[in-house]
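Subject: Structure handover

Hi there,

Here is the structure I promised to pass on to you. Please open it alongside this email, and then read on for the notes.

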Amino acid sequence: MKLIKMAMVVLAIIIIFEFFIVANSQGQLKVGFYNQVCPNAESVVTNIVRDAAKSDHRIPPGLLRLHFHDCFVEGCDGSILIDNGNTSEKGAFGHQGLIGFDIIEDAKAKLESLCPGLVSCADIVAMAARDAVAFSHGPIYQVETGRKDGLVSNIDHANRMPDVRDSIQLLKQKFIEKGLNAKDLVILSAAHTIGTTACFFMEERLYNFASHGGPDPSINPRLLPELTSTCPKNGDVGVRLPMDHGSEDTFDIQILQNIRSGFAVLQSDAKLMDDLTTRGIVDSYFGVLAPLTGPSFETDFVTSMVRMGRIGVKTGSNGNIRRLCKSFN
């Protein structure tokens, strides 16, 4: 009994210690962190993202995804940007297809000329994601800044990234591990409202779902022929298709309606309907009274983005401000 009590005390101390670390790291973040030291920091990022988005419609979803992939490994610390060969985090299987690295580097170069050594790459990623949402007709929101850049980028640390083939139970667990909940899972999955995916990620769902050699039965029969036509068996796995059927370039709630109707393109999105909790969250946006008394999809998206942006924030000697986003100082 004494050993059990001692173990419980130790566990409680560890939990309290971790709570203060998280609370302290989040306490460093605030809206307008650069207002005094680099007043044009946010407008510089916004202008670069705007110009890039005008010339390439892939840029907004790419930047939004880059922020998510950064935060879910070492935390929101710019570790996804490091290019140090075969060991770098960006080379992990789950990060295939990420784009936008050059946009972040362009913003960093401009800011280094204006405010050398002051604006972190991690903050640039977060600001660029915010602008990506705004330029896709999504909600306009303020982003917390004050992150430092991480000192580690390791491909082996990316093995707990959410995966399109994960069960809903595993997806929920991976979000819990990052301090997020089932609602965050639903809302951040809805970031798939903009952008495309590759046929590579569709092969198993279309031709060998659950190893039975056929398609996922949850796919709406009206959608299946379209998917198999775009991604034929043994076809070019690099071909891309919209993740939000019928609404790939506009940030809107259509992605959740598609998920409810069996028109989810990604398997992980479809899985949201396999769990009572996540299905209830999806359905809550479409009740009879939802337009009047229901939750606001855009408001909830902003809340989840801010929460995600606090994951693993680096402060003090745990991080620094890089001169180049792609390499350690």
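Below are my notes, starting with the overall fold and then going through some individual residues.

First, the ground rules. This is a predicted model, in which local features need pLDDT of at least 70 and side-chain atom pairs count only at pLDDT 80 or more, while totals for chains, interfaces and linings use all residues. Residues are numbered from 1 along each chain as its sequence is written, and side-chain values use heavy atoms, with hydrogens and water left out.

**Overall fold**

The protein has 14 helices and 6 strands; these are DSSP runs numbered from the N terminus, with helices being H or I of at least four residues and strands E of at least two. Its radius of gyration, taken over C-alpha atoms, is 21 Å, close to the 20 Å of the globule rule for 329 residues, so the protein is as compact as a globular protein of that length. That rule is 2.2 Å times the number of residues to the power 0.38. Along the principal axes, the C-alpha atoms fill a box of roughly 65 × 55 × 50 Å.

Of the 329 residues, 49% are buried (under 20% relative accessible area, with exposed over 50% and partly exposed in between; 1.4 Å probe, protein chains only). Taking contacts (heavy atoms within 4.5 Å) between residues at least 6 apart in sequence, 74% join residues at least 24 apart. The accessible surface, from the Shrake-Rupley method with a 1.4 Å probe, comes to about 15,700 Å², and 57% of that belongs to carbon and sulfur atoms.

**Aromatic pairs**

The whole structure holds 10 aromatic pairs. Rings of Phe, Tyr and Trp (its six-membered ring) pair if their centres lie within 6.5 Å; planes under 30 degrees apart are stacked, over 60 edge-to-face and the rest tilted. Phe 251 and Phe 297 are a stacked pair, because their ring centres are 5.7 Å apart and their planes are at 20°. This pair links distant parts of the chain: Phe 251 sits in the loop between β5 (240–242) and α10 (254–260), and Phe 297 in helix α14 (residues 297–308), 46 residues apart. Both Phe 251 and Phe 297 are buried.

Phe 297 also pairs with Phe 301, this time tilted, at 6.5 Å centre to centre and 50° between the planes. Both of these lie in α14, 4 residues apart, about one turn of the helix, and both are buried. Together with Tyr 285, the residues Phe 251, Phe 297 and Phe 301 form one aromatic cluster.

**Residues to look at**

Most residues other than glycine have a negative phi. His 137, however, has a positive phi of about 70° although it is not a glycine. Ser 211 is another non-glycine residue with a positive phi, of about 65°. Ser 211 is in the loop between α8 (203–207) and α9 (224–230) and is exposed, at 65% relative accessibility.

Finally, Gln 257 has its place in helix α10 and counts as partly exposed, at 26% relative accessibility.
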